[in-house]
Amino acid sequence: MFVKIVIFLFGGIFLFSEVSLASEYVFDDDYIDPEISDAIVTVDEIKEKDNNVSYKIENLNRGIYSFNNTVDRLFLAPIARGYRAVVPAWGRDRIGSAITNISAPVSFVNSALQGDLKQMFTVLWRFVINSTIGIGGLFDIAKEFGLDGRHEDFGQTLAVYGLGSGSYIVLPFFGPSTVRDAFGKIVDIASNPFNYASLGTAITIESTAVIHSRSEILDITDDIEQNSFDPYATVKSAYIQRRASEISNGEK
Amino acid sequence: MNTNIIMFYKYFFVLTLFIAISFTAEKALSDGVDIIQSNKTEMNLLDEKKSALIKETEDFVASISSNFLKIINSDALIEKEKEKELMKLFEEYVDTDWMGRFALGRYYRAVGVDDREKYLKLYHDYLICSYVRKFKDYAGETLDILRVLQKNGGTLLVQMKMLGDIGSPDIRVDYLLKRNDDGTFRIIDVIGEGISLITTQRSDFGSLISRKGIAYFVDKLSTKVASLKATKY
């Protein structure tokens with residue numbers, strides 16, 4: 001017990017001191033004059049358009065995307081809208097913080113696997129502070145201490161290890177993903193201790209998370225439907241960019 | 001009792017090793033950085049010019065956001081007038097031509113010179129209808145500048161954070177600015193949580209153009225602009 005406290009406090013020294021173990025990221029330039037932007041093709045676009053097999057992937061993706069849209073339109077979006085109407089913003093923020101807190105063990109393990117010690121201790125302290133002062137994770141008090149939340153999952157860990165993303169695929173119900181990230185998602189669900197409490201808990205946690213995150217992006221998805229010419233391509237591009245930003249921890 | 005002490009020592013040993021390695025690594029890193037910096041006499045001059053540019057950018061961002069807030073919060077203007085004033089701000093500080101060219105990507109060269117004017121005008125209206133009119137959604141959130149980075153091609157990336165309330169998450173918003181020769185800046189991209197507006201648009205437009213052709217796309221664009229203009233927001 002005493003030993004555990006000692007280790008825990010030493011972790012705090014890393015956080016609250018100036019010692020930084022993370023290396024400085026090099027900033028690339030992704031913005032090239034339009035004259036030479038011909039050269040910019042994302043890896044997944046190549047994979048999707050390379051040969052006949054790839055076209056089938058795109059067709060399959062579009063099919064699943066449209067299936068997801070139908071299911072969403074009929075079931076998930078109305079539930080998410082109801083959730084947004086019934087629960088006030090304050091309440092939804094609390095639920096969001098609680099969901100983030102529950103996924104802390106996964107983030108902790110993956111930060112450790114990535115060798116990011118600072119983030120590892122950040123997650124640990126966030127979990128402790130938010131679970132205690134923040135009443136079971138409902139309040140993100142740790143943010144006021146400067147401990148910013150950043151979720152690490154197994155897909156990001158694999159990316160940090162250098163594994164390529166694989167083709168862009170749309171998963172039924174789960175939505176946009178890549179081969180690597182789909183596998184990572186399975187590992188994440190399996191590696192969260194809270195999911196093992198009971199099947200009921202696991203289902204409640206996962207379904208609340210889905211409804212909550214759907215409600216968060218309702219406005220964005222409405223925008224996409226209204227403004228874009230090819231929603232499938234828009235969602236794909238947004239997903240790939242967001243994922244790259246998550247993997248590089250906001251540096252790209 | 002014995003096993004507890006052994007365990008304690010085991011833990012302690014691992015912990016000390018861990019701390020020793022990390023402090024050594026950190027020291028090595030910072031020593032390395034010091035050595036590099038002491039060789040940078042020439043670079044220091046460039047750094048001065050660079051930080052003047054960054055200060056200029058920060059001043060610009062501060063002035064444009066205060067203009068924006070003045071208009072939004074003004075009690076003297078009715079909503080229609082606010083919209084007009086914001087439109088003026090938009091015209092002056094957003095380079096829709098550059099954005100429009102980027103959004104077409106590799107297909108820009110395939111567009112005939114006379115059609116380019118038409119496309120850029122449509123793109124300009126498209127941006128206004130889809131985003132500028134949403135200023136009514138702005139609820140007075142503050143945007144803090146995190147830092148300004150210099151990127152290639154005379155562009156500057158202003159990284160900002162939209163602060164949530166206590167207990168709510170912060171949102172990252174970046175603006176990409178292009179500096180003109182006369183010292184003014186214009187916005188060429190907005191990046192929300194890592195998702196760049198013009199990059200997403202390029203994928204969107206490109207997907208349609210690659211399957212149906214440019215003429216079809218421009219046609220669709222004008223239809224969409226017309227329908228967006230017609231909807232009451």
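User: At what angle do helix 3 (residues 79-93) of chain B and helix 5 of chain B pack?

Analyst: This is a predicted model, in which local features need pLDDT of at least 70, side-chain atom pairs count only at pLDDT 80 or more, and totals for chains, interfaces and linings use all residues, while side-chain values use heavy atoms, with hydrogens and water left out. Residues are numbered from 1 along each chain as its sequence is written, and chains are lettered from A and ligands numbered from 1 in the order in which they are written. Helices (H or I, at least four residues) and strands (E, at least two) are DSSP runs, numbered from the N terminus, and axes are lines fitted to C-alpha atoms, for helices over the stretch in contact, with angles running from 0 to 180 degrees between N-to-C directions. The axes of helix 3 of chain B and helix 5 of chain B lie 12 Å apart, and the packing angle is about 135 degrees.

User: Which word describes how helix 3 of chain B and helix 5 of chain B stand to each other?

Analyst: Angles under 35 degrees count as roughly parallel, over 145 as roughly antiparallel, 65 to 115 as roughly perpendicular and the rest as oblique. With an angle of about 135 degrees, helix 3 of chain B and helix 5 of chain B are therefore oblique.

User: Is the crossing of helix 3 of chain B and helix 5 of chain B left-handed or right-handed?

Analyst: A crossing is left-handed if the near helix is turned anticlockwise from the far one by less than a right angle, and right-handed if clockwise. Where helix 3 of chain B passes helix 5 of chain B, the crossing is right-handed.

User: How many nonpolar residues are in the contact of helix 3 of chain B with helix 5 of chain B?

Analyst: In this contact (heavy atoms within 4.5 Å), B:Met87, B:Phe90 and B:Glu91 of helix 3 of chain B meet B:His124, B:Leu127 and B:Ile128 of helix 5 of chain B. Ala, Val, Leu, Ile, Met, Phe, Trp, Tyr, Cys and Pro count as nonpolar, Asp, Glu, Lys and Arg as charged, and the others, Gly among them, as polar. On that division one residue of the contact is polar and one is charged, while the number of nonpolar residues is four.

User: How far apart are the axes of helix 5 of chain B and helix 7 of chain B?

Analyst: Helix 5 (residues 113-130) of chain B packs with helix 7 (residues 214-230) of chain B at an angle of about 35 degrees, and their crossing is left-handed. By class, their contact has ten nonpolar, two polar and four charged residues. The axes of helix 5 of chain B and helix 7 of chain B are apart by 9 Å.

User: Which residues of helix 4 of chain B make the contact with helix 6 of chain B?

Analyst: The axes of helix 4 (residues 96-104) of chain B and helix 6 (residues 197-212) of chain B come within 7 Å and cross at roughly 50 degrees, so the two helices are oblique to each other, and the crossing is right-handed. From helix 6 of chain B, the residues in the contact include B:Phe205 and B:Ile209. From helix 4 of chain B they are B:Trp98, B:Met99, B:Phe102, B:Ala103 and B:Leu104.

User: Which strands of chain B stand at the edges of the sheet?

Analyst: Two strands pair if DSSP finds at least two bridges between them, and in chain B five strands form an open sheet in the order 1-2-3-4-5 with antiparallel pairing. Each edge strand has a single partner strand, so one side of each is left without a neighbour in the sheet; these are strand 1 (143-151) and strand 5 (195-196).

User: Which turn residue has a positive phi in the hairpin of strand 1 of chain B and strand 2 of chain B?

Analyst: Eight bridges join strand 1 of chain B to strand 2 (residues 155-162) of chain B in the antiparallel sense, and B:Leu149 has B:Leu157 as its bridge partner. The hairpin has three residues between its strands, and the turn residue with a positive phi, of about 75 degrees, is B:Gly153.

User: What is the bridge partner of B:Asp174 in strand 4 of chain B?

Analyst: Strand 3 (residues 171-179) of chain B and strand 4 of chain B pair over seven bridges, in the antiparallel sense. On the strand 5 side, B:Ile191 is partnered with B:Ser196. In strand 4 of chain B, the partner of B:Asp174 is B:Ile191.

User: Which residue forms a salt bridge with A:Arg214?

Analyst: A salt bridge is a side-chain nitrogen of Lys or Arg within 4 Å of a carboxyl oxygen of Asp or Glu, and a search of the whole structure finds 23 of them over all chains. For A:Arg214, the closest N and O atoms are 2.6 Å apart in its pair with A:Asp72. A:Arg214 lies in helix 9 (residues 199-216) of chain A and its partner in helix 3 (residues 52-86) of chain A, so parts that are 142 residues apart in sequence are tied together by A:Arg214 and A:Asp72.
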